[in-house]
Amino acid sequence: MNAGFREAVKEWYAELACKPMPEACETPMIKVKIVEEEGFEEDSGDPAKPVNVLDDPDQLWTEDDWNGDKEKEALGRIDKQGPDAPKFWTNKYIDKAPQYWKAFYNRNKDNFYKDRHYLHIVFPDLAPAPAPEEGEREKADTRILPPLRLLEVGCGVGNAVFPLIEINPRLHAHAFDCASSAVDLVHEHIASAALGDRLSASVCDLVREEAPVPPGSMDFVLCMYVLSAIAPSAHADCFRKLTGTLKPGGRLLLRDYALYDEAQLRFNKGSKLFDNFYVRQDGTCAYYFSTEDMERLAVSSGMKIVENYYIRRQYANRAKKQARYRIWLHAILEKL
Ligand SMILES: C[S@@+](CC[C@H](N)C(=O)[O-])C[C@H]1O[C@@H](n2cnc3c(N)ncnc32)[C@H](O)[C@@H]1O
């Protein structure tokens, strides 16, 4: 490291109130308060609408509205997060992302994310065919529906794909993740539940490799909180690769972290790598999407937008008498 650069990194360390910078330029231990991002069930319930979730003791969450004041406050909090981290560290977090995720699953095993039992509701394309009417039953018994091919990107330990395979017998899926420790757990689960005829899994880093299925073979691609783990400079290329796996008319189904989510606003100084892209304490990264980002990605990959909107919710933390404000992005894109 040259002297000027070393001084800059030292300053950055001092700002973060970290231990002294090690001589060897290893990954710094950034003091970022970990925000538990997936502790909430994004169910599809339909609660009544009090203005503040804390006003109604029976309410776990409610829809949240958005207004200019909230945006102003969000921008102020982002401004206080200070300058972007030095390029050296940013590049390191991006280059070593699969290693950080591997370590994440070695530590957490399958105890971090909850099973996502709501996906067939929020993405009705993945729902099982409706039960036949009384008079139709005989016809339906002889009707053979073709399998639906699903590719899950960044599957982690399978919190999305296992509930889907369980609920919809037409689904045949391949799931992949860049973290071999996560894929090992998926393989164990496939074997113990004897799902090998409908589900397979592999290790693949979408940034550095092509998707692990033949081009034009998939009906659906599912991306649950995975593109946010990838640097925005690689998003367009990832979209191109994923679009390539879809049949014409196939759909990309996506939910991810969105701009001004409270988890974004709670990052401390020093954790912003660049605009809307942050590193957590454990070295994994998170990007916060806007609907405009999604529009750009759809255009660049030649996809038609079917749905693209924010989900804004207030969650009650009654113990702390606080409301948590969460924002996600929901999108469905279709290959032309
Ligand atoms: C926030 S977790 C979400 C896990 C899972 N989709 C879920 O919703 O429970 C992000 C996942 O993306 C995976 N991931 C990150 N970068 C990836 C890449 N370049 N290629 C494939 N998977 C990646 C991580 O290993 C991690 O499992």
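Is R318 buried or exposed?

1. R318 is exposed, because 11 other C-beta atoms lie within 10 Å. The terms work like this: a residue is buried if 20 or more other C-beta atoms lie within 10 Å of its own, exposed if 12 or fewer, and partly exposed in between, with C-beta atoms placed from the backbone. R318 sits in the loop between β10 (303-317) and β11 (322-335). Although R318 and V53 are 265 residues apart in sequence, their C-alpha atoms are 9.8 Å apart in space. Residues are numbered from 1 along each chain as its sequence is written. This is a predicted model, in which local features need pLDDT of at least 70, side-chain atom pairs count only at pLDDT 80 or more, and totals for chains, interfaces and linings use all residues.

2. **Confidence.** pLDDT is the predictor's confidence in each residue, from 0 to 100. The protein has a mean pLDDT of 86, and 82% of its residues reach 70 or more. Please take care with residues 1-41, where pLDDT stays under 50. Where pLDDT is low, the predicted coordinates should not be read in detail.

3. **The overall fold.** You will find eleven helices and eleven strands in the protein. Helices (H or I, at least four residues) and strands (E, at least two) are DSSP runs, numbered from the N terminus. Of the 336 residues in the protein, 34% are buried. Two residues are in contact if their C-beta atoms, placed from the backbone, lie within 7 Å. Among contacts in the protein with a separation of 6 or more, 74% are between residues 24 or more positions apart.

4. **Helix α2.** How far apart are the end C-alpha atoms of helix α2 (residues 68-79)? They are 16 Å apart, which agrees with the 16 Å that its twelve residues should span at 1.5 Å a residue. The expected span is 1.5 Å times one less than the number of residues in the helix. Of the twelve residues of α2, the number buried is zero, so the helix lies largely in the open.

5. **The core.** The largest nonpolar core has 74 residues, and those with the most contacts inside it are V153, V161, V221, L222, C223, L252 and C285. Strand β5 (residues 218-224) gives the most to this core, with six residues. A nonpolar core here is a set of buried Ala, Val, Leu, Ile, Met, Phe, Trp, Tyr and Cys residues joined through C-beta atoms within 7 Å.

6. **Around the ligand.** Which residues come nearest to the ligand? Of the 20 residues around the ligand, these are W101, G154, G156, M224 and A229. A residue counts as near if its C-beta atom, placed from the backbone, lies within 6 Å of the molecule. By class, the shell has 15 nonpolar, three polar and two charged residues. Ala, Val, Leu, Ile, Met, Phe, Trp, Tyr, Cys and Pro count as nonpolar, Asp, Glu, Lys and Arg as charged, and the others, Gly among them, as polar.

7. Most residues other than glycine have a negative phi. K109 is not a glycine, yet has a positive phi of about 50°; N276, also not a glycine, has a positive phi of about 65°. K109 is in the loop between α4 (97-108) and α5 (119-122) and is exposed, with 11 other C-beta atoms within 10 Å. N276 is in the loop between β7 (272-274) and β8 (277-279) and is buried, with 20 other C-beta atoms within 10 Å.

8. **H174 and P212.** H174 belongs to strand β3 (residues 171-177) and is buried, with 21 other C-beta atoms within 10 Å. Beyond its neighbours within four places in sequence, H174 is in contact with L151, S200, P212 and V213. P212 lies in the loop between β4 (199-203) and β5, and its 16 C-beta neighbours inside 10 Å make P212 partly exposed. Setting aside neighbours within four places in sequence, P212 is in contact with H174, F176, S202 and C204.
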